[in-house]
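Work through the exercises below with the sequence and the model open. Each task is followed by a solution in steps.

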Amino acid sequence: MLQRGLFPEVLPPCFTSIDLKRALSGLIRTLQSRSFHSKRHSEYVRYSGTKHDGSRRYYGTPNPISYFYVAEFVAKHWSDFARRFEASPFSVSHPRVGTDNDDRPIIMQSLSELTTVASKKLRYAGHILKTDVSQFYPSIYTHTISWSAHTIDQAKQDTTDRSSVNYFNGLDLFVRNCQANESRGLLVGPDAFRLIAEFLMSGLDVDLQAAFRTNVIGAARHVDDYYIGVRGEAEALAALSVLRDTLQRYSLHVNDSKTSVMRGVEPLNDLWAQELRQIGRSMNDWLGASEIDDVVLFVNKALSIGKEIRSDSPVKIALRTLDQLKIYSGSKWETLEPYLQRIIFHHPHAIDYASLLVAKRVAEGQPVDREGWKQAAYDLIRRHLALNHHHEIVWLLWLLLTVDLGVSEQLATECCRNQNAHIRAMLAAAYQKGMLERRPDIRFKNKLASTDDEWLLNLVSRSTGLTNAAFGGPLAEEFEHLAIKKVRLIDFKAHLKAVKGTNTDAISLTRYGYDAEKKLRGGSADLVDDLDDEENPDDLDAQLAAALARDGS
């Protein structure tokens, strides 16, 4: 979870924490001895990301020292998590431990399983109550972690951080230490926090099943999305009342705007998405120059649907299909490249996928419209700087730097004025690698903070030699250790090496929300477009034990 689950998966692949294992060597015992030292909380680096409908979501990159304790707790008590996941009668989002070939340590079952797995759980229900939790991650109260693990009554009898009985109190503390000691909300992005959220919801599933009694025929839940099968509308209202009451005990609330009662024969997934994927599958054996017209028609159909439903999801499905068709490997690229360039102006949620396709083309040694991509990136970066849209800025900067399109001194200066540490850390790392002509306009204090929201900028800059200032603050000793070890948290060239070759995809199956198992079976990988939005592995404990044996805690 430290090596592959620290940074949110929505960040470009240059952000990597693989090197933390090496850099933390010699520090582990010291860290463990300070688990419950007071005032060791830290800020996280905020990241304004896109959503398919044009709205925004904030992700967070936690301080690696603070996150160490969360990851260690989850690893140490994995049996508690595994039992909880297995006990859930409703979940279709059971996590599994990733393999060495996966980009993330934890693989969450995709929404593509909803139609088959959820349908079985709903059985013969004549009607389906569909709803979700309002502002799920931001509304989670960290104390409910211990409530869920030990029951509310028991947890409230002993709230001490070091409690040997209510030992999940320690996880509550470690989570709060990752988010400036805030008890309201849970960070979106790091893998350990996704496991904690699923732990809470799996416990609620057991409570709900008991409370529903015979009024509910069956139910399915994917993260915080509920599908509850009932006989009729009256039973749906009764089930909704039970759900409200159960969630409220944990300070969670039903999202009324997304609550509806469906007939049992209505599809759980959007038909347009199923149809687009079906077309994509039919083109998997695409051969011959004449079929370029079919691919262009497919892209235009996805764009038309996206405009009609006001969503970028159809466009992302189309880009994923282009990846499966390997359009970056041949002359068809010249026809489709202008579409990609125009898409990023109107579909910001698809900027990441378009950038990855371009990077894959360059990795294979194929030409691209360098001037066109450069001008498009410059125009869009400046537009999104004015709006403080981190996702678009960071991905387009990554494209410029990774495929060597160039970042002018003026653009670098404009980007440095944005205070987001993801953006400025990229520029600091780029300069030290000779990718910028002039030193970026970043000024450092006499003492580098180790716990504020600039920890990423400070650690990258000190580790690469951009500044020699000493660290200050509660985590100064730990950050000095990492800096002396020259920890690498940004690597621009690793991605091009990783995707070079015909057997690799431009868009990672396990990093960007696709089901890798479906691809291996020859089917079509399906989109999980929203984070809030697998059959269980046979032995999660055995998988974790093997992972720990390889990599250590």
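**Exercise 1.** Which handedness does the crossing of α15 and α16 have?

*Solution.* The crossing of α15 and α16 is left-handed; that is, the near helix is turned anticlockwise from the far one by less than a right angle, clockwise being right-handed. Before going on, note that this is a predicted model, in which local features need pLDDT of at least 70, side-chain atom pairs count only at pLDDT 80 or more, and totals for chains, interfaces and linings use all residues. Residues are numbered from 1 along each chain as its sequence is written, and side-chain values use heavy atoms, with hydrogens and water left out.

Step 1: locate the helices. α15 covers residues 333–346 and α16 residues 351–363. Helices (H or I, at least four residues) and strands (E, at least two) are DSSP runs numbered from the N terminus.

Step 2: read the geometry. The two axes come within 9 Å and cross at roughly 145 degrees. Axes are lines fitted to C-alpha atoms, for helices over the stretch in contact, and angles run from 0 to 180 degrees between N-to-C directions.

Step 3: list the contact (heavy atoms within 4.5 Å). From α15 come W333, L340 and I344, and from α16 come I351, A354, L357, V358 and R361.

**Exercise 2.** Describe the sheet that contains β5, and find what lies across it.

*Solution.* Step 1: the strand order is β6-β7-β5-β8, in an open sheet with antiparallel pairing. Two strands pair if DSSP finds at least two bridges between them.

Step 1: find the edges. β6 (218–222) and β8 (260–263) each have a single partner strand, so one side of each has no neighbour in the sheet. On average, neighbouring strands are turned by 20 degrees against each other, direction ignored.

Step 2: follow β5 (residues 127–132). Four bridges join β5 to β8, and six join β5 to β7. Towards β8, L129 has V261 as its bridge partner and H127 has R263. Towards β7, D132 stands opposite D225.

Step 3: α11 (residues 233–248) lies across β5, β7 and β8, at about 140 degrees to β7.

**Exercise 3.** Is S146 buried or exposed, and what does its side chain touch?

*Solution.* Step 1: S146 sits in helix α7 (residues 144–150).

Step 1: S146 has a relative accessible area of 2%, so it counts as buried. The classes are buried under 20%, exposed over 50% and partly exposed in between, with a 1.4 Å probe and protein chains only.

Step 2: the S146 side chain makes a polar contact with the side chain of N169 at 2.5 Å. A polar contact is a pair of N or O atoms within 3.5 Å; within protein, one must be able to donate a hydrogen and the other to accept it, and residues adjacent in sequence count only if both atoms are side-chain atoms.

Step 3: setting aside neighbours within four places in sequence, S146 is in contact with T151, A155, N166, F168 and N169.

**Exercise 4.** Which backbone oxygen does the side chain of N458 reach?

*Solution.* Step 1: N458 belongs to helix α21 (residues 455–464) and is buried, at 4% relative accessible area.

Step 1: the N458 side chain reaches the backbone oxygen of A449 at 3.0 Å.

Step 2: beyond four places in sequence, the contacts of N458 are F444, L448, A449, D452 and F471.
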